[in-house]
Amino acid sequence: MQSLGAAARRLYVRRWVSTLNRTVGFTGMEGLRDPHDWRKLADRTEETCRGLVDDVIVGTEAGPEVVRGLDYISDVLCQTIDAAEFCRHVHADDEWRQEAHRTCIRLGAYVHELNTHAGLYGILCRSLKQRSSFRVEEEYLVGEMLKRDFERFGVHLQGQARDEM
């Protein structure tokens, strides 16, 4: 019969060894074990968001679901951007900082693309016109904040006014 301490140690070692096979890396993000993994993570983040944008525009009726969808897109982007921002400011290795910086630049450009996306803005505006369909006031307010964010980038403007933004 084995002692409880020996069994606990074996269980601990087994669990520890199993963690070595995981691909969790910097800041606990899956697959981020090498500086060049930032590119893969940016690819995956952008691909996921493009699919979510399509879902919001094509697969969602105007209403609270649109606001939830836009909020989720924002969450997905921010998980990667926030981790990249953190890395580019604190990581000891210059290559990690550079790759994280490239990720910030790339996903920042994608965020700008989203902030000027007329289709997203249009469905959000149609959703906010259905105020009674929002059961939770905070969801409606989040939608209003998102609308203001879009308008800061001039998505609601036409012609020369939009070009001048």
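Modeller: I shall take helix 4, in which the buried residues are Trp 96, Glu 99, Ala 100, Thr 103, Cys 104, Leu 107, Tyr 110, Leu 114 and Asn 115. These residues cover an arc of only 150° around the axis, and therefore lie on the same side of helix 4. The cover over the buried residues of helix 4 includes helix 2 (37–59) and helix 3 (64–90), as well as helix 5 (118–128) and helix 6 (137–152).

As to its dimensions, helix 4 runs over residues 94–115 and has 22 residues. From the first C-alpha to the last, helix 4 reaches 31 Å, close to the 32 Å expected at 1.5 Å a residue. The N-terminal end of helix 4 is capped by Asp 93, which places a side-chain oxygen 2.7 Å from the backbone nitrogen of Glu 95.

Please bear in mind that this is a predicted model. Confidence within the protein chain is highest in helix 4, at a mean pLDDT of 97, and lowest in helix 1 (residues 4–20), at 54. Where pLDDT is low, the predicted coordinates should not be read in detail. The protein chain as a whole averages a pLDDT of 86, and 81% of the residues score at least 70.

Phe 134 and Tyr 140 form an edge-to-face pair, because their ring centres are 5.4 Å apart and their planes stand at 80°. Both Phe 134 and Tyr 140 are buried.

Notes. Residues numbered from 1 in each chain as written. Heavy atoms only, no water. Helix = DSSP H or I, 4+ residues; strand = E, 2+ residues; numbered from the N terminus. Expected span 1.5 Å × (residues − 1). Buried < 20%, exposed > 50% of the residue type's maximum accessible area, 1.4 Å probe, protein only. Arc of directions from axis to C-beta. Contact = heavy atoms within 4.5 Å. Polar contact = N/O pair within 3.5 Å; in protein donor to acceptor, adjacent residues only side chain to side chain. Phe/Tyr/Trp six-rings, centres within 6.5 Å; stacked < 30°, edge-to-face > 60°. pLDDT = per-residue confidence, 0-100.
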